[in-house]
Amino acid sequence: MAYGIERFFLLSYCLACCWPVFGARNSMRIVKQWSDLPYKYPSAEAEQLALDKRYYVRGNSVPIDVDVQHRSGGKKSRIFVTIPRFDEGRPMTLGTVDDEGSISAYPDYSWHDNQGSNCDGMTSVFRVAIDKCNRLWVMDAGKIGENQVCPPQLLAFDLNTDQLIYRHKISASNYVATSLHVTPVVDVRGQDPSDCSDTYVYVADVTGFLLLVVDVLNNRSWKVAHRLMYPTPARGFFTIAGESFDLMDGILGMALSPSKPGHDRILYFHSLASSTENVVRTSVLRNDSFISNPNANPYSMNVFPNERPNQAAAEAIDSNGIMYFGLMEPPGIWCWNTATEFSTRNFHPIAINEETFQFASGVKIVKNLKNEEELWVLTCRFQKVMTGTIDSSSINFRIHAEKIPILLSKSACSSPSRDNSIYHADKFSSDIPKYSFKYGSESYL
């Protein structure tokens, strides 16, 4: 019996054999790949209506994120993908992928065919997150293109029943006109595996340059502002596989440190247009009175003094505190043990391929039925979207996966740190910054 990504490997082996690796190190396997996204509609009438009303425009769909649910009892595992509505032509914004690669709307098509006319449906979803309680968290940005057609909302579905179990519509006081909520990270606070009530969701607002905090138990939210959530102007110019574009996006990549008794969890975050990594203790974010205090400690959020070689999008951290992220150049997936210094000498490649790893927009850690961790990555050649050069005659979108023990079997990321700190971020005091460094405005927190 297959317990995890082996369920998809028959297909992935076929795809990998048919696609050259250009002599590069490619230790992840391709599970799905597309030149353009194929959709499955509930009826021929629904498909025709989508064509007539331009709800579907061939070549307009771009997947951004992936997550996976491995199901027991003989049920097939499910791959979820998001398709944000950057403009018209996306018939659904969240779906599941079948064996043939077609995408069906989740939880069903009625949630999607409104195209913003029904704010109780889904308007535009960039990323999702599945938590340990088997809940799918969906952050609906409420925008089609630049138009805020519906208020942003956070949704949660019970994956056992596919029923909506939570909805939180974001108050207008917690976002701005330029806001775009793109990345949710779920913090389940209860130590008992069955305790799912005490949950917080942290959401990156990439163009509002804010962080949204949602207290699920009390159904309330607040926004957090900090200069580290802004883009770095010098890093707003991107080059991927020889194509360049400008994009001044703020906070996007986020990941939580593992939950450990007696230790506060740390939220790692960075702006897309940056090469730095920032940290904040979640106890700071969860304290809304502290956040709103104008005299709050300016060192509650910190930036590591060293930088990545270039920009990264999504990131994720496994149960051993190892972070995974994609770099724009060279296109690939890298790891960093968070117990070591954030430095290029501690960044190690685990999969490099100039063709297949262009712009890793979705990065997830998934546990299979044998409790093994897997790394799942969605790459989308976003530079071709930005430059208008995307071509449906070539493969544009890929989902990659591999078991983490296989990826780290010979990696320095799995070596224990000689430092006594559990996380390198622990070197930052909540009262006085340990590091003294200056390189631009980011040195003044």
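Buried here means under 20% relative accessible area, exposed means over 50%, and partly exposed lies in between, computed with a 1.4 Å probe on protein chains only.

Before going on, a word about the source. This is a predicted model, where local features need pLDDT of at least 70 and side-chain atom pairs count only at pLDDT 80 or more, while totals for chains, interfaces and linings use all residues. Residues are numbered from 1 along each chain as its sequence is written, and side-chain values use heavy atoms, with hydrogens and water left out.

Back to Leu136, which is found in strand E8. Helices (H or I, at least four residues) and strands (E, at least two) are DSSP runs, numbered from the N terminus. What is Leu136 in contact with, leaving aside its neighbours within four places in sequence? The partners are Phe80, Leu94, Tyr106, Val128, Ala129, Ile130, Leu155, Ala156, Phe157 and Leu159, where contact means heavy atoms within 4.5 Å. Asp67 is 69 residues away from Leu136 along the chain, and the C-alpha atoms of the two are separated by 9.2 Å.

Now to the cysteines. How many disulfides does the structure hold? There are three, a disulfide being a pair of cysteine sulfur atoms within 2.5 Å. Counting bonded cysteines along the chain, the pattern is 1-3, 2-4, 5-6.

Cys119 and Cys150 form one of them, with sulfur atoms 2.0 Å apart. Cys119 sits in the loop between strand E6 (103–105) and strand E7 (125–130), and Cys150 in the loop between strand E10 (147–148) and strand E11 (153–158), so this pair ties together parts that are 31 residues apart in sequence. The disulfide is left-handed because the torsion about the S-S bond of Cys119 and Cys150 is about -85°. Cys119 is partly exposed at 23% relative accessible area, whereas Cys150 is buried at 3%.

Next, Cys133 is joined to Cys196, S to S 2.0 Å. Cys133 lies in the loop between E7 and strand E8 (135–140), and Cys196 in the loop between strand E13 (181–188) and strand E14 (199–205), so the parts tied together are 63 residues apart in sequence. This link of Cys133 and Cys196 is left-handed, with -100° about the S-S bond. Cys133 counts as buried, at 16% relative accessibility.

Then we have Cys335 and Cys413, whose sulfur atoms are 2.0 Å apart. Cys335 is in strand E25 (residues 332–337) and Cys413 in the segment after helix H6 (404–407), so the pair ties together parts 78 residues apart in sequence. Which hand does the disulfide of Cys335 and Cys413 have? The torsion about its S-S bond is about 100°, so it is right-handed. Both Cys335 and Cys413 are buried.

Another cysteine to look up is Cys380, buried with a relative accessible area of 0%.

Let me finish with a sheet. Strands of a sheet pair through backbone hydrogen bonds, either parallel or antiparallel. Here, four strands form an open sheet in the order E19-E20-E21-E22, with antiparallel pairing. Strand E19 (251–256) and strand E22 (301–303) are the edge strands, each pairing on one side only. Two strands count as paired if DSSP finds at least two bridges between them. Strand E20 (residues 266–271) and strand E21 (residues 278–281) run antiparallel and are joined by four bridges. Within that pair, Leu267 stands opposite Val280 in E21.
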